[in-house]
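Here is a short report on a single protein model. Please look over the sequence and the fold before reading on.

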Amino acid sequence: MIAEYGFSATLTARPGMGDRLVDLLLTGLNEGSPGDSEHCVVYLVSRSASDPDVVHVAEGWTSEEEHHRIFAGEAAQAIVARIDGLLAKEAEYTDHVPVRGRAAF
């Protein structure tokens with residue numbers, strides 16, 4: 001499958017909460033979670049090299065519509081609700097239109 005829509009997010013956890021934020025974001029790969037969907041072709045969680053409380057997420061989806069549909073679901077909303085409690089400030093999002101690339105994990 002090819003990613004036709006994507007986004008990246010930078011999330012800043014409250015001081016000392018970076019590990020909890022990463023662990024929570026990685027639950028997005030569990031069975032039945034958004035990252036487990038056949039329409040999610042990239043789900044990458046990274047940390048800042050200089051600040052362990054800054055976490056980056058990059059996602060690639062088969063379409064923007066599928067992304068919105070999956071994220072309107074109960075599993076995604078439960079994760080989002082838990083994320084909000086860990087953040088020091090509002091997350092920064094950037095939408096992308098993938099051109100070409102590769103993700104092999």
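Predicted model: local features only at pLDDT ≥ 70, side-chain atom pairs only at ≥ 80, totals over all residues.

Residues are numbered from 1 along each chain as its sequence is written, and side-chain values use heavy atoms, with hydrogens and water left out.

**Sheet**

An open sheet is built from 4 strands in the order β2-β3-β1-β4, with antiparallel pairing. Its edge strands, β2 and β4, each pair on one side only. On average, neighbouring strands are turned by 10° against each other, direction ignored. Strands here are DSSP E runs of at least two residues, and helices are H or I runs of at least four, numbered from the N terminus. Two strands pair if DSSP finds at least two bridges between them. In general, strands of a sheet pair through backbone hydrogen bonds, either parallel or antiparallel.

β1 and β3 share 8 bridges in the antiparallel sense. G6 has G60 of β3 as its bridge partner. Helix α2 packs on the sheet and touches β1 and β3, with its direction at about 120° to that of β3. Such angles run from 0 to 180 degrees between N-to-C directions; the axes are lines fitted to C-alpha atoms, for helices over the stretch in contact.

**Core**

The largest nonpolar core holds 24 residues, and those with the most contacts inside it are L11, L21, L25, V45, W61 and I83. At least two core residues come from each of β1 (5–12), α1 (18–26), β2 (40–47), β3 (54–61), α2 (64–71) and α3 (74–84). A nonpolar core is a set of buried Ala, Val, Leu, Ile, Met, Phe, Trp, Tyr and Cys residues joined through side-chain atoms within 4.5 Å. Buried means under 20% relative accessible area, exposed over 50%, and partly exposed in between (1.4 Å probe, protein chains only).

What does L25 touch? Beyond residues up to four places away in sequence, its partners are L11, Y43, V45, V55, V57 and I83. Contact means heavy atoms within 4.5 Å.

H67 lies in helix α2. It is buried, at 8% relative accessibility. Leaving aside neighbours within four places in sequence, H67 contacts Y5, F7, E59 and W61.

A76 belongs to helix α3. Its relative accessible area is 1%, so A76 is buried. Not counting residues up to four places away, A76 touches P34, I70 and F71. E31 is 45 residues from A76 in sequence, with 12 Å between their C-alpha atoms.

**Aromatic pairs**

The whole structure contains 2 aromatic pairs. Rings of Phe, Tyr and Trp (its six-membered ring) pair if their centres lie within 6.5 Å; planes under 30 degrees apart count as stacked, over 60 as edge-to-face and the rest as tilted.

| Pair | Centre distance | Plane angle | Class |
|---|---|---|---|
| F7 and Y93 | 5.9 Å | 55° | tilted |
| W61 and F71 | 6.0 Å | 75° | edge-to-face |

Each pair links distant parts of the chain. F7 in β1 and Y93 in β4 (residues 92–96) are 86 residues apart. W61 in β3 and F71 in α2 are 10 residues apart.

Are the ring residues F7 and Y93 buried or exposed? F7 is buried at 7%, whereas Y93 is exposed at 54%. In the other pair, W61 is buried at 0%, and F71 is buried at 19%.
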